Each structure stands twice: as structure tokens, then as C-alpha cells.
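Biologist: I have a structure to go through. Could we take it question by question?

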Amino acid sequence: MPTYVYETIPQFEGEPAKRFEIRQSMKDAALTQHPDSGQPVRRVPIGGTGLMGASSSASSSSGGSCGTGCGCH
């Protein structure tokens with residue numbers, strides 16, 4: 001099961017968001033509330049591979065699927 005990162009949604013100006021991790025099945029719906037406090041939360045997108053390399057035309061014309069200037073070539 002993957003681990004997802006969530007953060008609380010501040011309810012007041014100046015209140016910091018608090019991040020936490022939770023293991024969930026990919027089939028589970030995203031959380032809307034903190035499991036302990038009930039405060040509203042949102043899932044934070046972290047990393048991932050996306051669709052890099054999915055297009056052969058991108059890799060042949062721009063020096064790689066990620067483009068130029070990324071430092072990976």
C-alpha cells in the first residue's frame with residue numbers, strides 16, 4: 001500500500017498547515033478530515049514519474065522526454 005502525504009487546511013490567518021503521512025490503498029478515497037482531530041485536510045502531490053518518455057517525438061527532438069536544462073542528460 002502506498003503512503004500518501006496530507007496537510008491540514010488552516011482555518012485562521014497565520015495558522016500553519018501541518019503535514020502527516022498515512023498508508024492507504026490506491027482504491028481508497030482521499031481523506032477530507034484528519035483522522036484524530038477532524039480538521040479539514042487535502043492530499044499533497046509528492047514526486048511521481050508521470051508520463052516521462054511516453055512520447056517518442058519529445059525524446060527525439062528536445063534531447064529527452066524532460067526537455068533541456070534539467071541536468072539529467
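Predicted model: local features only at pLDDT ≥ 70, side-chain atom pairs only at ≥ 80, totals over all residues.

Biologist: What is the strand order of the open sheet?
Modeller: The sheet has three strands, with antiparallel pairing. Two of them, β2 (19–23) and β3 (41–44), are edge strands and pair on one side only. The order is β2-β1-β3.

Biologist: By what angle are neighbouring strands of this sheet turned against each other on average?
Modeller: The strands pair in the antiparallel sense. For the angle, direction is ignored. On average, neighbouring strands are turned by 40°.

Biologist: Over how many bridges do β1 and β2 pair?
Modeller: β1 covers residues 3–8 and runs antiparallel to β2. Val5 stands opposite Glu21 of β2. Glu7 stands opposite Arg19, also in β2. The number of bridges is five.

Biologist: Over how many bridges do β1 and β3 pair?
Modeller: This pairing is antiparallel. The number of bridges is four.

Biologist: How many of the six residues of β1 are buried?
Modeller: Buried means under 20% relative accessible area. Glu7 has 13%, so this residue is buried. β1 is largely enclosed by the rest of the structure, because the buried residues number five.

Biologist: How far apart are the closest N and O atoms of Arg19 and Glu7?
Modeller: A salt bridge needs a side-chain nitrogen of Lys or Arg within 4 Å of a carboxyl oxygen of Asp or Glu. Arg19 and Glu7 form one. Arg19 is in β2 and Glu7 in β1, so the pair ties together parts twelve residues apart in sequence. Their closest N and O atoms are apart by 3.2 Å.

Biologist: Which residue does Arg42 meet in a salt bridge?
Modeller: The N to O distance is 2.8 Å. Arg42 lies in β3 and its partner in β1, so the pair ties together parts that are 35 residues apart in sequence. The partner is Glu7.

Biologist: Which residues are linked in a network of salt bridges?
Modeller: The salt bridge count comes to two. Arg19 forms one with Glu7. Arg42 meets Glu7 in another salt bridge. The network links Glu7, Arg19 and Arg42.

Biologist: Is Arg19 buried or exposed?
Modeller: Exposed means over 50% relative accessible area. Arg42, at 38%, counts as partly exposed. Arg19 has 54%, so this residue is exposed.

Biologist: How far apart in space are Ile9 and Val41, C-alpha to C-alpha?
Modeller: Ile9 sits in the loop between β1 and β2. Along the sequence, Ile9 and Val41 are 32 residues apart. In space, their C-alpha separation is 5.3 Å.

Biologist: Which residues does Ile9 touch, leaving aside those up to four places away in sequence?
Modeller: Ile9 counts as partly exposed, because its relative accessibility is 27%. Contact here means heavy atoms within 4.5 Å. The residues touched by Ile9 are Gln39, Pro40, Val41 and Arg42.

Terms used. Residues numbered from 1 in each chain as written. Heavy atoms only, no water. Pairing = 2+ DSSP bridges. Helix = DSSP H or I, 4+ residues; strand = E, 2+ residues; numbered from the N terminus. Axes fitted to C-alpha atoms, helices over the stretch in contact; angles between N-to-C directions. Buried < 20%, exposed > 50% of the residue type's maximum accessible area, 1.4 Å probe, protein only.
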